[in-house]
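I went from the whole chain down to single residues and wrote down what I looked up.

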Amino acid sequence: MAKALYMDDSYLKEIDAKVVSVNNGKFVVLDQTIFFPKGGGVEWDTGVMIRKSDKKEFKVIFTGKFDGKISHQIEPSGLVEGDEIFCKLDWDRRYLLMRYHTAAHVLSGVFNKEFNLMMTGNQLTTEKGRIDMNMESMDLEIIKTGFQKSNELISNDLSVEIYYKTMGEAKKNESLFKLAIGFPHNIKELRIVDIKGYDAQADGGCHVKSLKEIGKIEFINAVNKGAKNRRIYFRVE
């Protein structure tokens, strides 16, 4: 399986890599990658691949994970197995998604600690973020207070660290799992995203290194999505 370098360093913007396989001329698997595939409610990375032999450029328009492999959809087609390439992220897009993802962790941590609410889902794009909460009934005062407390936490500029725990270690601390659906038992090692001194969660995505990089989290609106589900939209500024 390709090395997912973003797991240990979300700030890598460019790398050298080698094409391992190509499907239908346009779905490329590399020996290592910095491109985050769509997953966990977070949009995918885009960017470019440049073939070293002739400097031809291929746009990466989508990144996904299929059958355990990270696949990069390119245009035009033309890369072949064995090609050595230079990869470069669309960094502005990635960084904005990192800010949104860490913002979602701040919100879910605050709502959980302050109001004992669990996140039931999320969707993070470059336009806005969304988290779903298992709130009994719509309470805008609680929601707005949660946003206020989240922005106060951001102003403290806590660091965000990445480390790993075995499943056995993680099970001793169920606060690591902020999703109401629980956690997968078939994973041997978990990646932890830790807002130091406040909240740690199991997560496989890309994050900023400190909370002030998020900016301000702005509440947009909230809607009812089921008997006990409230959908909350936000943006980062």
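Entry 1, elements. I took helices (H or I, at least four residues) and strands (E, at least two) as DSSP runs, numbered from the N terminus. On that basis I found three helices and 15 strands in the protein chain. I note at the outset that this is a predicted model, in which local features need pLDDT of at least 70 and side-chain atom pairs count only at pLDDT 80 or more, while totals for chains, interfaces and linings use all residues. Residues are numbered from 1 along each chain as its sequence is written, and side-chain values use heavy atoms, with hydrogens and water left out.

For 237 residues a compact globule would come near 18 Å, and the 19 Å of the protein chain agrees with that. Along the principal axes, the C-alpha atoms fill a box of roughly 60 × 40 × 35 Å.

For burial I used relative accessible area with a 1.4 Å probe and protein chains only, calling a residue buried under 20%, exposed over 50% and partly exposed in between. Buried residues make up 46% of the 237 residues in the protein chain. With areas from the Shrake-Rupley method and a 1.4 Å probe, where for residues only the protein chains shown count as cover, the protein chain exposes about 11,800 Å², and carbon and sulfur atoms supply 47% of this.

I counted a contact where heavy atoms lie within 4.5 Å. Of the contacts between residues at least 6 apart in sequence, 66% join residues at least 24 apart.

I let rings of Phe, Tyr and Trp (its six-membered ring) pair if their centres lie within 6.5 Å, with planes under 30 degrees apart counted as stacked, over 60 as edge-to-face and the rest as tilted. The count by this rule is eight aromatic pairs. In one of them, phenylalanine 111 and phenylalanine 115, the ring centres are 6.1 Å apart and the planes stand at 40 degrees, so I recorded the pair as tilted. These two phenylalanines are four residues apart in helix H1 (residues 91-115), which means that about one helical turn separates them. Is phenylalanine 111 buried or exposed? Phenylalanine 111 counts as buried, because its relative accessibility is 0%, whereas phenylalanine 115 is partly exposed at 25%. Together with Phe147 and Phe219, Phe111 and Phe115 form one aromatic cluster.

Which residues does arginine 94 contact, leaving aside its neighbours within four places in sequence? I listed Tyr6, Ser10, Leu12, Ile34, Phe36, Asp45, Leu89 and Cys206. Glutamate 43 is 51 residues away along the chain, yet its C-alpha atom is separated from that of arginine 94 by 9.2 Å.

Not counting residues up to four places away in sequence, glycine 78 touches Gly25, Arg51, Phe58 and Asp83; from phenylalanine 58 it is 20 residues apart in sequence and 8.3 Å apart in space, C-alpha to C-alpha.

Asparagine 116, in the loop between H1 and strand S9 (119-124), has a positive phi of about 55 degrees although it is not a glycine, and counts as exposed at 63%. Aspartate 157 has a positive phi of about 55 degrees too; its place is in the loop between H2 and strand S11 (160-166), and at 33% it counts as partly exposed.

I placed asparagine 151 in helix H2 (residues 140-155), where it is buried with a relative accessible area of 18%. Beyond its neighbours within four places in sequence, asparagine 151 is in contact with Gly215, Lys216 and Ile217.

Note on methods: Rg over C-alpha atoms; globule rule 2.2 N^0.38 Å.
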